[in-house]
Amino acid sequence: MRIGAHVDPTDPLAEASARDAEAVQFFLADPQGWKAPKPREDAERLRAADVDLYVHAPYVINVATLNNRIRIPSRKLLLGHAAAAAAVGARGLIVHGGHVNAGDDLAVGFDNWRKTFAYAADSGGFPLPILIENTAGGDKACARHLDALARLWDALGDYEVGFCLDTCHAHAGGEELLGLVDRVKAITGRIDLIHANNSKGTFNSGQDRHDNLTGGTIDPELVVAVIRAAGAPVIVETPGGVEGQAADIAFLRGQLGAAA
């Protein structure tokens, strides 16, 4: 089981080494901006590295929304990030499930996701796995609660879609971690990546506030149980920089019996 962390994008491989990580996740552009990612000068070195790479799409992307001024640029930006992530040898591009606004029909949001994959298919399809991530908040979210996730997966049934399970988001979103892997796999058939995070927010608070694994409001043993049941690669998105994340990685290896 490969364990790593979300790191600064300047030199992901150096960040991996500093944390003794076997995997890293990073952004290719401003996560709060709409600029397309630029080609990386270190792309060849990243592709050749013995470190598993994952790219997180910008937070601003929301392909579910009924707002054309956000949805249409989101589709284009997602496809651009997918191409850039594939160019550095990433194993997947993680993108949040998105939402519709209050008063809008969530069914349209699910269909907008379908149209996003159809839009990509028109240009040859996404060049790497797209991993949709569950989210913590919002009553009109496409991937907060499992009933919504089931409707999303029904809408995307004609396409190959991956899933990223965030433990903080699940807890804060109101989904019990005990038995969660089985419930998710009954819907998606797969879990491609785990975001292993504790939560500063309480259960069902809707707060997306990560904490280190031995802190927060989640019993760390529950996070470990989710990872063990999923059997998927793990990325910690926890605070504390190199020291905090290295401690979280070491904690997981100790609990899971993974080789350092």
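In which hand does helix 8 pass helix 9, right or left? I looked this up in a predicted model. The crossing of helix 8 past helix 9 is right-handed.

**Entry: helix 8 and helix 9**

I noted the limits before going on. Helix 8 covers residues 220–230 and helix 9 covers residues 241–256. Their axes come within 11 Å and cross at roughly 70°. Angles of 65 to 115 degrees count as roughly perpendicular, so helix 8 and helix 9 are roughly perpendicular to each other.

Next I listed the residues that touch. From helix 8 I have Pro 220, Val 224, Ile 227 and Arg 228. Helix 9 brings Phe 251, Leu 252, Gln 255 and Leu 256. By class, I get six nonpolar residues, one polar and one charged in this contact.

**Entry: helix 3 and helix 4**

I took helix 3 (residues 68–87) against helix 4 (residues 106–121). They pack at an angle of about 45°, and their axes are 10 Å apart. That makes helix 3 oblique to helix 4. I also checked the hand: helix 3 passes helix 4 in a right-handed crossing.

Which residues of helix 3 meet helix 4? I found Arg 71, Arg 75, Lys 76, Leu 78 and Leu 79. On the helix 4 side they meet Asn 112, Lys 115, Thr 116, Tyr 119 and Ala 120. I sorted the residues of this contact into four nonpolar, two polar and four charged.

**Entry: the largest pocket**

I turned to empty space. Rolling a probe the size of a water molecule over the atoms shows where such space is left. The largest pocket has a volume of about 330 Å³. I count 20 residues in its lining. Closest to the pocket centre are Tyr 59, His 96, Gly 98, His 99 and Thr 135. The lining holds 13 polar residues, six nonpolar and one charged.

**Entry: the largest cavity**

How many cavities of 30 Å³ or more does a search of the whole structure find? I found one. The largest cavity has a volume of about 60 Å³.

I wrote down its lining. Asn 134, Ala 143, Arg 144, His 145, Leu 146 and Leu 149 are among the lining residues. The list also includes Phe 163, Leu 165, Ala 170, Glu 175, Leu 180 and Val 184. Helix 5 (146–155), strand 6 (162–166) and helix 7 (180–188) are the elements that give two or more residues to this lining. By class, I have eight nonpolar residues, two polar and two charged around the cavity.

Conventions. Residues numbered from 1 in each chain as written. Predicted model: local features only at pLDDT ≥ 70, side-chain atom pairs only at ≥ 80, totals over all residues. Heavy atoms only, no water. Axes fitted to C-alpha atoms, helices over the stretch in contact; angles between N-to-C directions. Helix = DSSP H or I, 4+ residues; strand = E, 2+ residues; numbered from the N terminus. Parallel < 35°, antiparallel > 145°, perpendicular 65-115°, else oblique. Left-handed = near helix turned anticlockwise from the far one by under 90°. Contact = heavy atoms within 4.5 Å. Nonpolar A, V, L, I, M, F, W, Y, C, P; charged D, E, K, R; others polar. 1 Å grid on protein atoms, 1.4 Å probe; cavity = no way out; pocket = protein on both sides within 12 Å on 5 of 7 lines; lining within 4 Å. Points joined across faces, edges and corners; volume = space filled by probe spheres on them.
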